[in-house]
Amino acid sequence: MRPDLIRVVLVDDHQIVRAGLKAVLSTAKDITVVGEGGTGRDALTLAERVDPHVIVMDLSMPDMDGLTATRELQKANALRTPTPGEPMTRRVLVLTMHTEDEHLVALLEAGAGGYLLKSVADRELVDAVRTVAAGDVYVQPTAARALARGLARRDGNAEERTRFEKLTDREQAVLKMVAEGFTAPEIGEQLTISPKTVDTYKQRIGEKLGLSHRSDYVKFALKLGLLKNDE
């Protein structure tokens with residue numbers, strides 16, 4: 001095998017999808033497919049077995065999804081000492097049907113080298129693999145806009161997160177339980193403190209965060225993802 005070839009592993013739980021991806025990559029003389037799998041765990045196994053430069057992986061898979069597999073691969077990368085000829089890191093290019101903002105942010109934070117919609121894989125897969133293999137990040141324009149929105153939302157909540165983390169553990173617990181609708185006696189029973197002490201904690205939370213009504217608690221907790229959005 002030529003040493004300059006980009007070695008690729010394909011991981012998708014649909015064999016017909018893998019066949020299509022392989023056909024697209026076969027048109028590039030500098031890329032070769034060295035392994036295939038159907039789950040995130042297959043990606044981890046193949047990474048060790050065939051030392052690929054790039055793992056092209058579906059986001060939604062049984063057994064272990066693409067996000068979890070990406071995190072595990074990055075942990076493995078950090079512990080590796082490559083032998084001559086092996087890639088320094090195994091880069092991940094994630095394929096998906098959707099451009100959910102939170103998926104984009106989470107994937108890049110997990111260490112993914114790129115994000116590609118399956119609907120354009122026939123046109124952009126080769127360039128995406130080359131980009132990721134070179135150590136750059138590949139994100140489509142539509143996905144880039146979604147990523148920007150997701151990051152903006154996180155940055156917008158950074159101040160609230162910082163304020164929340166300055167609360168004591170007990171204050172954080174009381175805040176969450178008030179937002180969930182528990183009364184002072186109910187909170188006191190669960191935390192083994194008196195209702196009066198609960199009111200003292202609520203007073204401290206109000207002074208630190210400017211929260212007074214339960215609706216304020218709910219809005220604050222929702223911003224930080226402490227509650228489900230069905231509140």
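Val50 touches Arg7, Val9 and Val34, leaving out residues up to four places away in sequence; contact here means heavy atoms within 4.5 Å. Val50 lies in helix H2. Helices (H or I, at least four residues) and strands (E, at least two) are DSSP runs, numbered from the N terminus. With a relative accessible area of 22%, Val50 is partly exposed. Buried means under 20% relative accessible area, exposed means over 50%, and partly exposed is in between (1.4 Å probe, protein chains only). Val50 and Val34 are 16 residues apart along the chain, and their C-alpha atoms are separated by 6.8 Å.

This is a predicted model, in which local features need pLDDT of at least 70 and side-chain atom pairs count only at pLDDT 80 or more, while totals for chains, interfaces and linings use all residues. Residues are numbered from 1 along each chain as its sequence is written, and side-chain values use heavy atoms, with hydrogens and water left out.

Next comes the sheet. It is an open sheet of 6 strands with parallel pairing, in the order S2-S1-S3-S4-S5-S6. Two strands pair if DSSP finds at least two bridges between them. S2 and strand S6 (138–139) stand at the edges with a single partner strand each, so one side of each has no neighbour in the sheet. Helix H2 packs on the sheet, where it touches strand S1 (6–11), S2 and S3, and its direction makes about 135 degrees with that of S2. Axes are lines fitted to C-alpha atoms, for helices over the stretch in contact, and angles run from 0 to 180 degrees between N-to-C directions.

Strand S1 is mostly covered, with 6 of its 6 residues buried. In a regular strand the side chains alternate between the two faces of the sheet. From S1, Ile6, Val8 and Leu10 point one way, while Arg7, Val9 and Val11 point the other way, and all are buried. S1 runs parallel to S2, and 6 bridges join the two. In this pairing, Val9 stands opposite Gly35 in S2. The chain passes from S1 through helix H1 (residues 15–25) to S2, a β-α-β crossover that is right-handed; that is, with the strands pointing away from the viewer, the path from the first strand over the helix to the second runs clockwise. S1 is also joined to S3, by 4 bridges, and these strands run parallel. Here Val11 stands opposite Met57 in S3.

Thr39 counts as buried, at 15% relative accessibility. Leaving aside neighbours within four places in sequence, Thr39 is in contact with Val11, Met61, Pro62, Asp63 and Met64.

Further across the sheet, strand S3 (residues 54–58) and strand S4 (residues 91–96) run parallel and are joined by 5 bridges. Met57 stands opposite Val94 in S4, and the bridge partner of Asp58 in S4 is Leu95. S4 is largely enclosed by the rest of the structure, because 6 of its 6 residues are buried. Arg91, Leu93 and Leu95 on one side of S4, and Val92, Val94 and Thr96 on the other, are all buried. S4 also runs parallel to strand S5 (residues 114–117), with 4 bridges between them. Val94 stands opposite Tyr115 in S5.

Helix H5 (residues 121–133) has Ala121, Leu125, Val126, Ala128, Val129 and Val132 buried. Just after H5, Gly135 takes a positive phi of about 95 degrees.

Two helix pairs remain. The axes of helix H8 (residues 169–179) and helix H11 (residues 214–223) come within 8 Å and cross at roughly 110 degrees. That makes H8 roughly perpendicular to H11; angles under 35 degrees count as roughly parallel, over 145 as roughly antiparallel, 65 to 115 as roughly perpendicular and the rest as oblique. Leu175, Val178 and Ala179 of H8 make the contact with Arg214, Tyr217, Val218, Phe220 and Ala221 of H11. The residues of this contact divide into 7 nonpolar, no polar and 1 charged. Ala, Val, Leu, Ile, Met, Phe, Trp, Tyr, Cys and Pro count as nonpolar, Asp, Glu, Lys and Arg as charged, and the others, Gly among them, as polar.

Helix H9 (residues 184–191) and helix H10 (residues 195–209) pack at an angle of about 105 degrees, with axes 8 Å apart. H9 is thus roughly perpendicular to H10. Ala184, Pro185, Ile187 and Gly188 in H9 meet Pro195, Val198 and Asp199 in H10. By class, this contact has 5 nonpolar, 1 polar and 1 charged residues.
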